[in-house]
Every structure is written in structure tokens, then in C-alpha cells.
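Colleague: I want to go through an interface with you. Tell me what each term rests on.

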Amino acid sequence: MRERRVADYSALPDYGFGPKSPMWWGTLGFCALEGMGFAIACATYLYLAFVNPEWPINARPPDLLAGTLVTILLLASVVPNHILKAAAERESIRAVRIWMPVMSAFGAAPLVLRWFEFGMLNIRWDSNAYGSAVWVLLGLHTTHLITDVGDTLVLAALMWTRFGRSGKRFSDVSDNAFYWDFVVLTWLPLYVLIYWVPRL
Amino acid sequence: MTAEAPPLDREIRDRDLDDAALRAALARTWATRSSLSGWIGEVDHKRIALRFVLTALFFLLLGGSAALVMRLQLARPESGLIGPDLYNQLFSMHGTTMMFLFAVPVMETIGLYFVPLMVGARQVAFPRLVNFAYWMFLFGGLMLWIAFLLNTGADTGWFSYVPLSSLQYSPTKRVDFWAQMVTFTEVSSLAVAVSLIVTVLKHRAPGMTLDRIPLFVWAEFVNAFVIMFAMPSVMIASTLLILDRLVETRFFETSAGGDALLWQHLFWFFGHPEVYIIFIPGTGMVSAIIATFATRPVFGYVPLVLALIATGFLSFGLWVHHMFATGLPKLGESFFTASSMLIAVPSGIQIFCWIATLWGGRPRFHTPLLFVLGFVFIFVAGGMTGVMVASVPIDLQVHDTFFVVAHFHYVLIGGAVFPLLGAIYYWFPKVTGRLMSERLGAWNFGLAFAGFNLAFFPMHILGLQGMPRRVYTYPAELGWGGLNLLATTGALMFAASFALLVVNAVTSYRSGRAAGSNPWGAGTLEWATASPPPPYNFALTPLVTSREPLWSERTALPVVTGLRVDRRETFVTSPAEARPELRDMAVEPSIWPFVAALFSGLTLFGSIYTPWAVVAGSPFIAAALVGWFWPKSAKEE
């Protein structure tokens, strides 16, 4: 079929932020499917809690200290995360180079505390179904944290190279910050399930 | 035509070139290097999709062969052809292969081929992720079948119920291979789903508003969402199962507070939508084929789209009807009976819209339409028995009998395989540039239709006579021999129809009639470009003004310009209105997705034997991912 040229879009930019960028939608897609995975894991926990007359099974509830510190740290991280996101969206390479390492540290610190969290669960994964459920919930979120911190570290390094100054890279930083909000958000129901449901 | 392509050391726009120079420049920019690294690092959605489809068809051959051996075993009573252990493996491998390695990938990745073409895009979103998905799928499928050849084939059925699949009753590694294969294939399907969703939302040609999206694209789009929300459930389930088996967690162990029904809930929360994951793309194929061969737009576009969306939602509300025999509370059973019957409503709406389209058009009975008519007949028959087994008292009677086997083969083969065969005949000319033989096609259809009904209709009666599924033989006195022989004869005919398909495809590929760009006179955009399409799909992006652009724009297709041709650029548009927003840079081929899939595969494989494989493999996967995302040249920016 013949063609007739009816419009020209040469003036369009070659990158964009938020919903303009396909990567933002891809990130949202992964948030949705991972969120579904977390929801299923939570449903598993609640199902087991429902069918067992005793919950937790043969165990003291987990100690609150490490898990609560992680929660506070994660919530606090939202502030520098949004400063970083704003810096990326105004394409300020100086600010991004400062705040990326800060956010890497905010990601790494909960991982250190997480080590102690496993110890404070007061049960092993192979003791009974309750133990299995809390270990898997905590393990899932730990995997989530590790992958995002890894991603943040690589991106932080990238910002110091010649590739850092491209508009697309700033868009990546913005999406990475958006994903971090999701990592924090998924933790909150898990915190309630792991630490407070056994206290009900 | 030999055109001089302009040098690529400066920024060149498509608007500055005439048609021949434009195509020459695009061919150079979008070509995949013919080298090993180019081959494994492929990013052309058409080539990856073709690999997916051919690999899935190869698994269909394996799964079909397993079925044939079972049918030969059951052809007469007390047959000694194969023993119970191999029979267990065969029915498990058959079901697992057909669901995870054939049906889902083939229906999803025909979308991977045609969705970008139908929305007027140059590339799919995240092509490297899609390439990663292909290798994961291939490795997972090969792993399952190589294990089978080494006498470690899955043997607890395609849904691997606990406690049968627990370590206590299945102490070998057979179940572990099954469980890890699930992870491979679901990672793959999820990755393709995200890619398809973003392609539909962000890469539609300018002007393709939501109400101008072709129905096949709507079907793949809705389907991708169903995949996104259903598959995580089976991944979690199979992971918990392997954890129970490997590191002694207690999720499914009743004596330690675990619960066997938890497995069934997790499995069927995925397993029922799974049926629709196979069926929904089939409806999209039917809509595309019917419109083309009725030579008119589909009747009831909006109800059809709404029916697709409704089916997607309702598919999540039915899973418990697989568990009616487990002693659930009455209220639950009633709810799930109602929802199971409710889903017949959107299916009915679709069937009536298709009939109305044919009624109001001038149908041309080419092979694709024959398969669609076969679909309508078989699928409606399967739907009828579906409404029957949705009712708890009937379900309890026929549960685990051949009646159920007949029912789900009617809906799955009728709902998916017949549309798929029609789609193969319909789109073969686009993919290869040659038409398939109509004469062989008619024979193919006739043999498939007769063979299928002969194979599966008797199973309804066998089931009502009490023949249970998954038995490797039966005594002669029960009187099931005759119908079983009939079913086996039908199965052989059905298999022969596939042999005919292969013959037709191979001979047509070699010497079929040249197709040209639009042999059927169809209306959607995939027919606007050459057959087979060039790597860049469209030299200039179409501007869409109606649902069937090739029907409404009789003389010349309106197109837009503005993209650079010295690097891979494509338009990004807004999700609802498809207003142009960006000129996006499409990625170059890369070997890293393959490397990442290789390390992920080795890690998953190792974890069948020791949990430390995860610790050992993770750094390698991480390194591959860094390689994947690290930019290689300034041009990629």
C-alpha cells in the first residue's frame, strides 16, 4: 500500500519521566506482579494462622527490637529517596551523585539489622508451619531488599561515569526511587503479620 | 532496488530520505549481526517469538507423543504395553508439557509476534527481557524432558497434589524437577506479559486510541494481566513445595501445623486462570479471523472487549470448583458454583457476536475460517459439560473420571488449539511470505475435527460408566474396551492431522504461492507491511484513524515521520489516546540476557540438590545483570 506523510514529530524529546517513560510502566508491572507474590505469601500465612487453633505454634512471638528498627529506618528512607527523585527530575548531576550513595546506605543498613531479625524470630523454619511461614515472609522481603540495593549501587556507580549525564539515566534514577517506595510499602504489612499478629 | 544508504556518522531523520534510501538505512540500523553473539542476543520480537512458537510446537510433539503412548496402552483391557510407573510419568509429563511448555507459551508469544505489528510499533517493549524469557523457557523445558529420559520424569500429575508429592511419598527427585520447571516457565511468561502490557500501553501508533485497538491485541493485553496476577501464585506454591522437600519447612505437613489443602488453593488460584490464559488469546485469534473472512468489521466490538475483561476478572473467582470433592463449607461451594456458571455469560456474548458477524458478512470459507467454525462447535460442547460440572452434585459423581478428561479437552483443544491452527493458516503467509495449501488445509481440518471428536467424545460416556482417569489399565469385564479402542483410533487420526500440518507447512514454506503483503484482504496493520516483515516492521509509522486502517484507507496509508534512522528509534505514545510523547531509543542486541538466563538456570537446577546453589549462583546472576544494564556506547544513550 502506498503511503502519504501527514505529520512530523521530529520535535519530540528522546526521554521522559514518570508515566511518559516505558521503563516506568515496566517498573510498575514488576511492582504489580511482585506485589501479587507478596499478597499470596501473606495469604498463605493468614490461611495457616486460621486453620491452626494455636498461633504462633509452640513459640514466643518474635522480639520487636530489630524488626521495629528496620521499619523506622525504611520509613525514614522515604525522605532522602524523594529528595533524590526530585534531584533526578531536575537533572542535577551534583545532587544525584550525593544522594545516590546516601540511598545505598539506607538500603544496606536494614540488611545488617535483618541478620539480627532472623535471630529474634524465636523459632526455626523447620520447627512447624508457623516457623516456616515467618521465615519465608522475612526471606522474601530480604531478597527484595538485596536486589534493590544491588540495583541502586550499580546505578550510583553509573552516575559517576560518562554515562551519568544522559537524560535517560536521570529517568532511571527516578524509576529506581519509585521502586524503593514500593520496597518500603511491601514491608509494612509483613511487619504487622510477622510481629503483631502473633501478639493478638 | 539498490539504494545508496546515507552514511551513519551523523543524525539522520526519516523525513529527509526518499523511500528507497530510507529502507536501506533502516535495514542497516535494525539488522541483527549474523554471528553467534547476534543470534543468542537477538532483540527482534518477531525472531524471538518465532523461536518461542517453534519450541512450544516441539513440546507439543513431545506431549502429544506421551498422550499417544497412553492411548495405545488403554486401547484394550489389561494391556501390557507399559507399566504403571511409566504411565504415571507419561500422564504427568503430558499435562505439564501441554499446560506449561506448549499452551501458555504458544498463545502468549503469537502475541509477541503480532501485537507490535498490529499496533504499528517497530519493536516490543523490553526486547532483551523477552530474549531472557525465551532462554529461561527453553532451559526449563529441556530440563524437564532430559530428566524424564533419565527416568526422573514428573509422576504426580500436572497439579502435583500434596501429600503425594511430599518427600515422604515421593522420595526421588522427580517432583523437584517438576517444581523447578514451574519456576523457569513462569518467570518466562511473566516477563513476556510485562513486555506485552507496556507495548500495548506505550508503543501504539499515533491515533490508535483505546477503541481502535484490534481485538486480538485486546485479548493478549487482558491475558497478560491475568498472567501477571495468576502466575505468582504457582511460583510461590512450587517454591514452598521445594522448600518443604529440600530444607524441611512444614507448609504442607499436617502433623506440624501445615495443611494439604493450602497446596490446592495456591495451585488452583493459578490453575483456573491458567485455563483462561490459554483460552483468551484464542478468542482474539477467532475475532481476527472472523472479521477478515466475513469481510466486515466484527459485530459488537465494545461487548467483545468488555467480555474479555469480564472473563479476565471472573477467572480469578472460580478456583474452588476444582476442589468440590474436598469437603469445603456449603456456602463456599454455592458461591463457586454461581461464579462458575456466571463465566458462561461473557463466553456466550462472544459466541453470539461472532455468529452475528458471519451472519452479516460474506463469509469466505478458507482454512482459517474452517478451524474457527470447528472451534465454535467443540468449544460450545465443552462449555455445556462445563456448566454441568459447575454443579456440585454432578461434579461429585464425575470427579476424577474420564468425563472430566473429556470436558477439559473439549474446552482446551476446542478453545485454544483449533483457533491456534486457524491462526497458523491465517498468519503463515505474513511470517513466511508464502500461502499454505488450501487443499491440504481442508484435509487437515477435516481430519483434526473428526479425529478429535472420535478421540474425546467417547470419554464422556466412559466417565459416566465410571472409568477413573489416571489408571494405566482396566479389566475386560468392565466393558470399557470398545469405547477406549474408538478413542485411541480417534487419537491416531488427530495425530495424523498434525503430521499433515507439518507437511503443508514445510512444502508451502519451500514452494507455496507468494503471498504479497495482504493476501486475505484483511484490515489490520500487520498486513500493511511486507511479508515477512522487515526487522524494523514499518519504514514509517502509520497514523491510525479507524479500527481497520487498511479497509478505511483504500488508496494510501497515512504515516508520520520524525524518527532518526542512524540509530534504533521508535515512537512512544500516551496510554489512552496514543498521542505521541517521545522518540524512544530501542536497544541493540546483547548476549547478557542469555548469560543471565544460563546462570539463573544453573542456579535453579543446582537448588534441586542443595540450597547452597542459590548462594553460589547469585553472584553470577548479579554479574550478568550488571553486564546487561551497563551501557556499552554513547550511541545507546
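The talk below turns to the contacts of two chains.

Modeller: This is a predicted model, with local features needing pLDDT of at least 70, side-chain atom pairs counting only at pLDDT 80 or more, and totals for chains, interfaces and linings using all residues. Residues are numbered from 1 along each chain as its sequence is written, chains are lettered from A in the order in which they are written, and side-chain values use heavy atoms, without hydrogens and water.

Colleague: What makes residues of chain B count as in contact with chain A?

Modeller: Heavy atoms within 4.5 Å. By that rule, 67 residues of chain B touch 54 residues of chain A.

Colleague: How much area do chain B and chain A bury between them?

Modeller: About 5,200 Å², 66% of it on carbon and sulfur atoms. Buried area is the accessible area (1.4 Å probe) that two parts lose on being put together, summed over both.

Colleague: Why is Asp584(B) with Lys168(A) called a salt bridge?

Modeller: The term needs a side-chain nitrogen of Lys or Arg within 4 Å of a carboxyl oxygen of Asp or Glu. Here the closest N and O atoms are 3.6 Å apart, so the pair qualifies. The count between the chains is four salt bridges.

Colleague: What makes S1(A) and S2(B) a pair of strands?

Modeller: Strands are DSSP runs (E, at least two residues), numbered from the N terminus. Two of them pair if DSSP finds at least two bridges between them. S1 (residues 2–8) of chain A and S2(B) have six and run parallel, so they pair. One of the bridges joins Ala7(A) to Val560(B).

Note on methods: Helix = DSSP H or I, 4+ residues; strand = E, 2+ residues; numbered from the N terminus.
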